[in-house]
Amino acid sequence: MRDAAPTTIFLKDYTPFGYLLDSVHLTFDLSAHATRVTSRIAFRPNPDATDRTFFLHGEDLNLIRASINGTEVSPDVTGKGLTADVPDAPFLWEAQVEIDPGNNTALEGLYMSNGMYCTQCEAEGFRKITYYPDRPDVMSTFTVRINGDLPVLLSNGNPSGKGEGWAEWTDPWPKPAYLFALVAGDLVAHPDRFTTRSGRDVALNLWVRPGDEGKCAFGMEALKKSMKWDEDVYGREYDLDVFNIVAVDDFNMGAMENKGLNIFNSSAVLASPETSTDANFERIEAIIAHEYFHNWTGNRITCRDWFQLCLKEGLTVFRDAQFTSDMRSAPVKRIHDAIDLRARQFPEDNGPLSHPVRPESFQEINNFYTATVYEKGAEVIGMLKRLVGDEAYAKALDLYFDRHDGQACTIEDWLKVFEDTTGRDLTQFKRWYSQSGTPRLTVSEDWADGTFTLTLKQRTDPTPGQAEKLPQVIPVAVGLLGPNGDEVRATEVLELTEAEQSFQFTALATRPTASILREFSAPVILEHDHSSAERAFLLAHDTDPFNRWQAGRSLAQDTLLRMILDEATPDADYLNGLQAVLRDDTLDPAYRALMLGLPTQSELAAALHERGHTPDPMAIWSAVETLRQATAQHVQDLLPRLHSEALVDGPYSPDAQQSGKRALGSAALALTSRLDGGAMAATVYANADNMTLQLTALSYLLRARKGEVQLAAFYDQWQHDRLVMDKWFGLQVTMAAPEATPETAKALTGHPDFNWKNPNRFRAVMGALAMNHAGFHQPDGAGYSLLAGWLIRLDPVNPQTTARMCSAFQTWKRYDTGRQDQMRTQLSRIAETPNLSRDTTEMVSRILGA
Ligand SMILES: [Zn+2]
């Protein structure tokens, strides 16, 4: 059942639930198409609530019976839940429902994946399991009995009973329903143990399908490192006797932090050198850490309502970034984060889907699991830490855990611990949570009598629902370099709080060169009119690794924009600067590999649009190709040396050092392939003993329009490994020539292994199509109509994945009227589809600006 008109929910309307829950007991009688769920819940009136309406959420449930204190009742049931008359005193609610996990393709609630039962309840999936107050501020302890004839039966908490065909689990920690989880299947464990610093012995298990046992070791090591790190850095210890992770093939997201029973998309946990790339390993380490860290930031302290999602996600992304920086290279991690933020969050923040880190309204909360809530939410915490300092940050976090353990909290609670720790007024800082849009920071310089003056200005363009913007608190980390490259002023943080402010540096012997927004100290767009020569100077000398990389990136962007607009030739400052960096073997190979990166074509389109031009995707593509070719020729002599530096001794390891060498080797191979037509890539492919080398070699062969033989061989070798086959599908679309991209994607959707109901496989093809900028934006609109057609097909099966992928169209207003018309037509086609889901309806109408 669906509503005719979607309802909008507002932050300002929050009221507490009328009842408290003392305990929840659930019994599951598992059956593929007729699972019975029996609930026994002890309610009592909530003294802090004024509204005593007894409403329990429930969707797609078949109510068998319900009783209060043992007396059968007949509640009013709608498609959204039930209402009943209840006593004004503590009472016991019992209900039995029947559900159909076998036909649950939306992958929300209890569903099946390859014969295994599993759940996904965040945000509002528990209401598809039983009638319940499905909101994060309602917390209770759970006991769960599972009856089923599968060998492994898991739920949250500690095991409390077991027999032939049943198992019982008890979770002593009160939790909201979105953290509920159940798994039942024919699974095998990769076991291990961890002793916490207070001596608690914890049994760890990574549960996988038989055959995947060889892909567990890395994930398990990452889990143990995460547990140790959270003790060492945040003083947070694990609090149950067991910690289970389960790998599931059909999963909408990356992973889910259910208490004591994390459920992972198999792509986010299974890894082996033969089947996974270095990037896969790094991502897996980060996601395992992220979900584990949620045990404190999310589970022990949860969100009062879904508007506060950034409370747990922003903080936990920030924590996992700190973890990755500690495990690997901090500058490399920071650069990766900036690249990712600009690629995913900036377009969102500056387009029709723009929303504050804490949104004020939504129709479907699933649509707000966004880069803004997660990644910008993490940046906001990074700024807060920078402003108060490391010591005050640590104190504030201790206070947060002390004061709010066991509670469902708000951003106000979070900021209050910082105010109480530091005495600082964070009223203006809080605008980072309420104002949407990316602030633009403009810098101008003045030099007179030994005094260097920086004038910083900020402005944020209007975003949907927010025409007027107020100045935000922006920490701007600045250092000054002298003419010989020495640092004449070490990094200091300027606090920009006004629309315009000047900062003076006195007693300088000569005019310095300013290095601004070091370490990417705020998630803003920096507009600094440096000359090409100044950028080249910073690329050669900046002592801040982030800004040194940024100088190269800015030079690359400047030359690309001139090539696109003025048919200029590649800039010598860029090519020479890059050459000098590549030659400097004191620099970390991973860092040099990043130096060889270019802004994405979508970023270049945004930069052109911001400067008042209409981006032409084919012109952008061809400028990038030209610059790559010129780079290859310019650094040709260095390539053999880079190849040899990238050689790795000993057995494969996905650690930072080896993967950095492979990243540099791969970047060098990409350039070499432009000169030798793929000859060396073919050799690398033939000799590759790990997926990183195999896949990069294959990709450069495909870009050289060679590699058909290898592509077929790759298929033969890996057709039984679903995660590797996702790569095989995606790579062909990513590496296709622009004109051939829609046709390539279309042909792959006809492949017998294109299981479009599996989110990973669907995204492998359709996500790659949307990311291939010039291919997706082919002038005939073939890319648009192919994607729209598949989204229409997927929507009734999996609304959540469909809605998210609609964001491929979010930048439609950047382009020429021909492309705009084509995209509007496809968006309208989606919008007019009968019975379109609430998720997709909301996304499309926001993108269209309706
Ligand atoms: Zn999370």
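Helices (H or I, at least four residues) and strands (E, at least two) are taken here as DSSP runs, numbered from the N terminus. The model is a predicted one, in which local features need pLDDT of at least 70 and side-chain atom pairs count only at pLDDT 80 or more, while totals for chains, interfaces and linings use all residues. Residues are numbered from 1 along each chain as its sequence is written, and side-chain values use heavy atoms, with hydrogens and water left out.

On this basis the chain has 27 helices and 31 strands. Its radius of gyration, taken over C-alpha atoms, is 27 Å, close to the 29 Å that the globule rule gives for 850 residues, so the chain is as compact as a globular protein of that length. The globule rule itself is 2.2 Å times the number of residues to the power 0.38. Along the principal axes, the C-alpha atoms fill a box of roughly 85 × 65 × 60 Å. Of the 850 residues, 60% count as buried, where buried means under 20% relative accessible area, exposed over 50%, and partly exposed in between (1.4 Å probe, protein chains only).

Helix H16 (residues 656-676) has 21 residues and spans 29 Å from its first C-alpha to its last, close to the expected 30 Å at 1.5 Å a residue; the expected span is 1.5 Å times one less than the number of residues. Because 15 of its 21 residues are buried, H16 is largely enclosed by the rest of the structure. Just after H16 comes Gly677, with a positive phi of about 65°. Helix H3 (residues 309-327), with 19 residues, reaches 27 Å, close to the 27 Å expected. H3 is likewise largely enclosed by the rest of the structure, because 17 of its 19 residues are buried. In a further helix, H24 (residues 782-794), sits Leu787, which counts as buried at 0% relative accessibility.

Several loops show backbone details worth a glance. Glu122 and Ala123 are joined by a cis peptide bond, with omega about 5°, and Ala123 belongs to the loop between strand E11 (116-120) and strand E12 (140-147). Asp449, in the loop between strand E25 (440-448) and strand E26 (451-459), has a positive phi near 50° without being a glycine; at 78% relative accessibility, Asp449 counts as exposed. Phe520 also has a positive phi, about 55°, although it is not a glycine. Phe520 lies in the loop between strand E30 (513-516) and strand E31 (525-528) and counts as buried at 1% relative accessibility.

Turning to the cysteines, the structure holds zero disulfides (pairs of cysteine sulfur atoms within 2.5 Å). For Cys121, the nearest cysteine sulfur is that of Cys118, 10 Å away. Cys121 counts as buried, at 0% relative accessibility. For Cys216, the nearest cysteine sulfur is again that of Cys118, 17 Å away, and Cys216 counts as buried at 1%.
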